[in-house]
Amino acid sequence: WPIFAEMRGPLGGTLKKFQQIVIEFHGMRMAEKHGMYLAAMRNLFAAGFRVVHVHGNNHDGIFSYGDYSIPNVPEVTFVADGPLAECHDPQLLPLDASNR
C-alpha cells in the first residue's frame, strides 16, 4: 500500500510504464490505514488504471464494517486505459484452488 500511496506527481509516471498490475492488498481490517489505502487507489486511477477483476484471497478471513464485509486480502487486477481483448473461454484451473 505505501508505495502506491506515494506515487503521485512525478512518481506517478512510473506507473504509466505498466499495462497491467496485479496486487494482493493486505490489511483491510486496519481501519487506521484506510486513508493510505484510499490514496493508493486514487493514484492508481490517476495513472490511468481501472479495475478489471477482484477476488478475495481466503488466506486471512473477512473484514466487516457495519453492514459491509469484504475479504481482508483482496486480489485486484488493474489494466491501463485502452482497448481490452474479450475473454471468450474463462477457465477454473488447478492454481485457482483454495489457499487452505
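**View A. Strands β2 and β5 side by side.** In this predicted model, β2 and strand β5 (residues 74-80) pair in the antiparallel sense through 7 bridges; pairing requires at least two DSSP bridges between two strands. Strands here are DSSP runs of E with at least two residues, and helices are runs of H or I with at least four, numbered from the N terminus. Look for His 53, whose bridge partner in β5 is Thr 77.

Before moving on, a note on the model: residues are numbered from 1 along each chain as its sequence is written. Local features need pLDDT of at least 70, side-chain atom pairs count only at pLDDT 80 or more, totals for chains, interfaces and linings use all residues, and side-chain values use heavy atoms, leaving out hydrogens and water.

**View B. The open sheet.** Its 3 strands follow the order β1-β5-β2 with antiparallel pairing. Because β1 (20-24) and β2 are edge strands with a single partner each, one side of each has no neighbour in the sheet.

**View C. The β3-β4 hairpin.** Strand β3 (residues 62-65) and strand β4 (residues 68-71) run antiparallel, joined by 4 bridges. Ile 62 sits opposite Pro 71 in β4. With 2 residues between the strands, the turn includes Gly 66, which has a positive phi of about 60°.

View D. Val 51 belongs to strand β2 (residues 49-56). Is Val 51 buried, partly exposed or exposed? Val 51 counts as partly exposed because its relative accessibility is 37%; buried means under 20% relative accessible area and exposed over 50%, with partly exposed in between (1.4 Å probe, protein chains only).
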